[in-house]
Amino acid sequence: MRWTDAVGLAGMNAMNHPPLPPAPPMRPTRPQTSGLCVASLVLGIFGLCSGLTAVLAVIFGHLGLSKVKSSGGRLAGGGMAVAGLVMGYFGLLVVGIFVAIMFAAGRSVEKKQAEAGKLFDVASVPVPAMPDLPEFEPVGDKGVRVGAVEISDGVGPGESMWMWIYLPPGDPAPGSLSAVLVAPAGTNLLSGSDLGPLGVDDYHDECLPYAEAGMAVVFYSIDGEVEDEEDDGSHRLGYEAFRDACAGVVNGRNALEYVFKRMPEVDTTRIYSAGHSSAGTLSLLFGAHEPRLAGSIAYAPAADVVDRLQELIDTPLVNSAFPQVKHFAKRSSPMTHVAEFSRPVFLFHAEDDENVPAEKTEEFASALKAAGADVTLRISEEGGHYVPMITEGIPAGIEWIRAQ
């Protein structure tokens with residue numbers, strides 16, 4: 001076929017078959033949202049208050065971002081993944097802070113619990129300056145003399161307190177007298193009791209018998225008296241002062257120091273602590289702390305302070321009024337420190353005591369004996385909480401001192 005014929009034939013075919021229309025433009029494919037990114041966002045929201053979902057939010061967020069970046073535009077949701085990551089990391093931070101606080105609080109509780117089983121650090125409390133002996137005046141009908149002295153050396157524990165000094169008749173030679181250190185009774189074991197100067201409310205019944213028996217007596221106040229029984233704030237202030245004075249042991253220590261520094265007529269190897277009820281509790285606690293005492297006497301004491309205060313300890317929000325009262329009750333309890341009694345102990349209780357059950361003193365005596373302490377226990381048949389102490393207890397305590 002000639003070239004011209006071929007051209008003509010091609011032209012005829014073109015006329016019979018027109019060209020195909022152009023293909024329609026392709027619609028852009030919409031990116032699919034990544035499920036990992038959605039999961040990261042949702043888990044991040046919950047992760048603000050949950051550590052587990054915060055961890056998952058971070059993991060899914062990183063995986064989702066990686067998928068989106070490598071999808072070539074087929075996947076979307078990077079913004080949700082970033083939001084999930086931010087909330088996830090913030091949730092982890094919140095949880096971390098919460099865990100750190102709880103850990104620190106737990107360590108603090110453990111430390112308080114450990115301290116509650118130890119003796120008070122009385123040695124860290126400074127001994128105040130001791131005033132001279134007071135002017136004495138007669139008291140009773142057996143020649144006993146009494147005078148009041150005030151320690152006024154500051155506002156710290158034991159730096160502001162009163163002491164009444166009782167001396168037996170005559171002019172005793174140096175080192176010839178035994179001495180008894182007595183605290184006032186009637187507290188709730190969470191506060192102290194003041195004395196002030198001698199006056200109409202003289203507190204001689206528990207002190208005169210020792211002096212009339214030929215012994216020197218120091219009757220001392222306890223930090224933390226509650227000034228207004230109707231005021232909760234006054235109770236808290238009293239508690240804090242009592243606590244800072246190591247449940248009154250600091251006050252007893254100061255009375256002992258006064259004997260050492262101002263009373264040469266006392267034989268320093270024959271100094272005893274004594275007390276009734278709450279003061280008996282302090283006498284025992286003092287004995288556990290102070291090896292310079294020759295012994296401790298307690299009439300109807302509450303030897304297990306935790307047991308005595310259990311109802312208060314279990315009261316909701318009690319720490320707002322008495323901070324750390326549970327640990328303080330344990331630390332101020334003679335029962336906690338039975339292993340620390342290195343000196344003899346005399347215990348007296350009436351069988352029908354309705355204030356402090358006699359069984360509690362019997363339990364304490366058994367615990368002391370099990371720990372190897374030298375214990376004398378005397379139980380009166382009747383009389384209640386107070387009267388037997390005066391009629392039987394103190395005379396028996398005097399005889400016990402003389403026998404040591």
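A residue is called buried when its relative accessible area is under 20%, exposed when it is over 50%, and partly exposed in between, using a 1.4 Å probe and the protein chains only. By that definition, Lys360 is partly exposed, with a relative accessible area of 29%.

The structure before us is a predicted model, in which local features need pLDDT of at least 70, side-chain atom pairs count only at pLDDT 80 or more, and totals for chains, interfaces and linings use all residues. Residues are numbered from 1 along each chain as its sequence is written, and side-chain values use heavy atoms, with hydrogens and water left out.

Of the 404 residues in this protein, 45% are buried. The chain forms 14 helices and eleven strands; these are DSSP runs, numbered from the N terminus, with helices (H or I) of at least four residues and strands (E) of at least two.

I turn now to salt bridges. The term denotes a side-chain nitrogen of Lys or Arg within 4 Å of a carboxyl oxygen of Asp or Glu. How many salt bridges does this rule give? The count is eight.

Lys360 pairs with Asp307, their closest N and O atoms being 3.4 Å apart. Asp307 belongs to helix H9 (residues 305–308) and Lys360 to helix H13 (residues 358–370), so this pair ties together parts 53 residues apart in sequence.

Asp132 and Arg262 form another salt bridge, at 3.6 Å from N to O. Here, Asp132 is exposed at 57% relative accessibility, while Arg262 is partly exposed at 28%.

Finally, Glu290 and Arg292 meet at 2.9 Å, N to O. Glu290 is buried, at 10%, whereas Arg292 is partly exposed, at 32%.
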